[in-house]
Amino acid sequence: MGEVNTKVNLLGIELDNPIIPASGTYGFGYEFAELYDINILGTFSFKGTTKDPRFGNPTPRIAETASGMLNAVGLQNPGVEKVISEELPKLKKVFNKKVMANVSGFSIPDYVYTCEKLDKEEQVGWIELNVSCPNVHGGGMSFGTDPVLLGEVVREVRKVVTKPLIVKLSPNVTNIVEIAKACEDNGADGIALINTLLGMRIDLRKRKPLLKNTTGGLSGPAIFPVAVRCVYQVAHAVKIPVIGMGGVSTAEDVIEMMMAGATAVEVGAANLVNPYACKEIIEDLPRVMEKYGITSLKDIIGGAL
Amino acid sequence: MKQVVFSVKTNKAIAPNVYKMILEGDTSGITNCGQFVNIAIDGYYLRRPISVCDYDDETLTLIYKVVGKGTEAMSKMGEGTKLDTLTGLGNGYNTDASGTYVMLIGGGVGVPPLYNLAKTLRADDKEVVVILGFNTKSEIFYEEEFKALGCKVKVTTVDGSYGIKGFVTNAMDGEEYDYFYTCGPEPMLKAVYNASKTSGEFSFEERMGCGFGACMGCSCKTLYGNKRICKDGPVLKKEEITWEK
């Protein structure tokens, strides 16, 4: 096998490869660090963090679907103070690269507070602003579906964030390009997409929704084509880098996502059904690159645009 | 946790909709009784978490109930079927806490994980009383197997078709014990919690995403903070349980 180059540059930080476990599927990394050296990753996006600790939604909050799953976890996390005082020091022992800090909130001051705190942490390389969680009320996705409100959040957060600011978008909108442009116009450095698609299942025996929250976010291979389409449309329309995600499960999916315009690729639900998914994708990348005549991954970004 | 490809040795019904599957493969990932495994089934996205009934160096015994399409597919698997399985998941029971006189209380498919526990306790010369609760006579399984370990076994049926009529708590009356372990549907666990006179341990069930602590799908509240049923559980101590949702 010839030499292939898997390195990509994500907003000024070089990644060994474009593989990034997505927020909410990788915790703070330790469960996976018990299984393999997580330093093989490009980086990872840690569990969505809010100003205050959250339990999330009542259970059951997981349901299966064809080629995927619904979750309605609802941003369970220990809150930003504990993330900084407990999770990040623990993470430092197993991960020596810059990590992506995923931040969620319920108001603009919430987002600003949490981002300002995490921006000061030396381990944090990028802030990923989650304005697209479909499982919380009065926050999350409601910011990500209104370009005016979203522009305001990004503008305010931008004032306190010195590191690259990436905004993670919801596909549950009429015009994703308009939303992405609102982020770019208000100072975002990058766009990540897609978060989960709003979905629902019903228990036929109980005649009630399977999820206690009624609805949840659909992830897994079922949403991959929707994600490729969204990445393609947004990469066409904005000048800032795009991170692609949504149902990515194989090295082929990674290449497809990059051809659609992604600079880096997040892997979500695949980590939950196969804890070695990211390791296997990273190990398989050179073979798949060779198969398609790719010597450097950088060269294929947006190749299909 | 260890990922192992097991091979199905036998798989047959032992009660209506309840199957016993014996798998061959590396069981070294299992470190404690009361743990579970998470099985990938062709055509289904999420794995199926099933408690470990018994194991030795080369074989793993599971007893599972057909509750949906995934477990139905499992029930049709023949000898030699390969199963991608994550083993040794969850904390399991703390047998050091048992004292000398131990009570085990199982309801329906909550019974299986108590078998390896009983075996472990009996190997340690503990006096073990096992209460097995079922709805009706035809659903009963493993009464003889527990007896063969030298346990005192009491069976309850809701309809009174066999053993003591009523619920497991009816059979708890009059028994002396230092400690107890239980597994079963949540209403039963709650009844045992209220009827029990000593400390003990409860094994819980919840819909899971990953089964190894990453997704936060199966979290529950305890008196000592949030816990993940799959990783910090499935066994919780009586003193930490809150029934508040």
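**Chat about a predicted two-chain model**

Me: Where is Tyr142(B) found?
Reply: Tyr142(B) lies in the loop of chain B between strand E8 (127–134) and helix H3 (143–148). Keep in mind that this is a predicted model.

Me: OK, and what is phi of Tyr142(B) near?
Reply: Phi of Tyr142(B) is near 70°, a positive value in a residue other than glycine. As background, most residues other than glycine have a negative phi.

Me: Is Tyr142(B) buried or exposed?
Reply: Tyr142(B) has 24 other C-beta atoms within 10 Å, and the cut-off for buried is 20 or more, so Tyr142(B) counts as buried.

Me: What about Arg207(A), what phi does that one have?
Reply: Phi of Arg207(A) is also positive, near 55°. The residue is found in the loop of chain A between strand E11 (202–203) and strand E12 (208–209).

Me: And is Arg207(A) buried or exposed?
Reply: Arg207(A) is exposed, since 7 other C-beta atoms lie within 10 Å and the exposed class takes 12 or fewer.

Me: While we're in chain A, which residues does a cis peptide bond join, with omega about 15°?
Reply: That bond joins Leu193(A) and Ile194(A). Ile194(A) is in the loop between strand E9 (190–193) and strand E10 (197–199) of chain A. There is also a cis bond from Thr59(A) to Pro60(A), with omega near 0°. Pro60(A) belongs to the loop between helix H1 (30–33) and strand E4 (62–65) of chain A.

Me: Zooming out, how many helices and strands does chain A have?
Reply: Chain A has ten helices and 15 strands. Its radius of gyration is 18 Å, close to the 19 Å that the globule rule gives for 305 residues, so chain A is as compact as a globular protein of that length. The C-alpha trace spans about 55 × 50 × 40 Å along its principal axes.

Me: What share of the residues of chain A count as buried?
Reply: Of the 305 residues, 57% count as buried. Among contacts in chain A with a separation of 6 or more, 72% come from residues 24 or more positions apart.

Me: How many residues does the contact take from chain B and from chain A?
Reply: Chain B gives 21 residues and chain A gives 25. On the side of chain B that touches chain A, eleven residues are nonpolar, five polar and five charged.

Me: Changing topic: how is chain B divided into domains?
Reply: Domain 1 of chain B covers 2–89 and domain 2 covers 95–203. Their C-alpha centres are 23 Å apart. The contact between them takes 14 residues from domain 1 and 14 residues from domain 2.

Me: Which strands each supply at least two residues on the domain 1 side?
Reply: Strand E1 (2–15), strand E4 (48–55) and strand E5 (59–65) of chain B do. E4(B) provides the largest share, five residues. By class, that side of domain 1 has ten nonpolar, two polar and two charged residues.

Me: What does E1(B) pair with?
Reply: E1(B) pairs antiparallel with strand E6 (residues 82–89) of chain B over six bridges, and Lys2(B) stands opposite Thr87(B). Seven bridges also join E1(B) to strand E2 (residues 18–24) of chain B, again antiparallel; here Val8(B) has Leu23(B) as its bridge partner. E1(B) and E2(B) form a hairpin with two residues between them, and Asn17(B) in the turn has a positive phi of about 65°.

Me: And in what order do the seven strands of the open sheet in chain B come?
Reply: The order is E10-E9-E8-E7-E11-E12-E15, with mixed pairing. Strand E10 (164–165) and strand E15 (235–237) of chain B are the edge strands, each pairing on one side only. Inside that order, strand E7 (residues 101–107) of chain B runs parallel to E8(B), joined by seven bridges, and Leu104(B) is partnered with Val130(B).

Me: Last one: why is H2(B) said to be largely enclosed by the rest of the structure?
Reply: Because nine of its twelve residues are buried. Pro112(B), Pro113(B), Leu114(B) and Tyr115(B) are among them. The twelve residues of helix H2 (residues 112–123) of chain B should span 16 Å at 1.5 Å a residue, and the end C-alpha atoms are 18 Å apart, which agrees. Just after H2(B), Asp125(B) takes a positive phi of about 65°.

Definitions and conventions
Residues are numbered from 1 along each chain as its sequence is written. Chains are lettered from A and ligands numbered from 1 in the order in which they are written. This is a predicted model: local features need pLDDT of at least 70, side-chain atom pairs count only at pLDDT 80 or more; totals for chains, interfaces and linings use all residues. Helices (H or I, at least four residues) and strands (E, at least two) are DSSP runs, numbered from the N terminus. The expected span of a helix is 1.5 Å times one less than its number of residues. Domain bounds come from an automatic or database domain assignment. Two residues are in contact if their C-beta atoms, placed from the backbone, lie within 7 Å. Ala, Val, Leu, Ile, Met, Phe, Trp, Tyr, Cys and Pro count as nonpolar, Asp, Glu, Lys and Arg as charged, and the others, Gly among them, as polar. The radius of gyration is taken over C-alpha atoms; the globule rule is 2.2 Å times the number of residues to the power 0.38. Two strands pair if DSSP finds at least two bridges between them.
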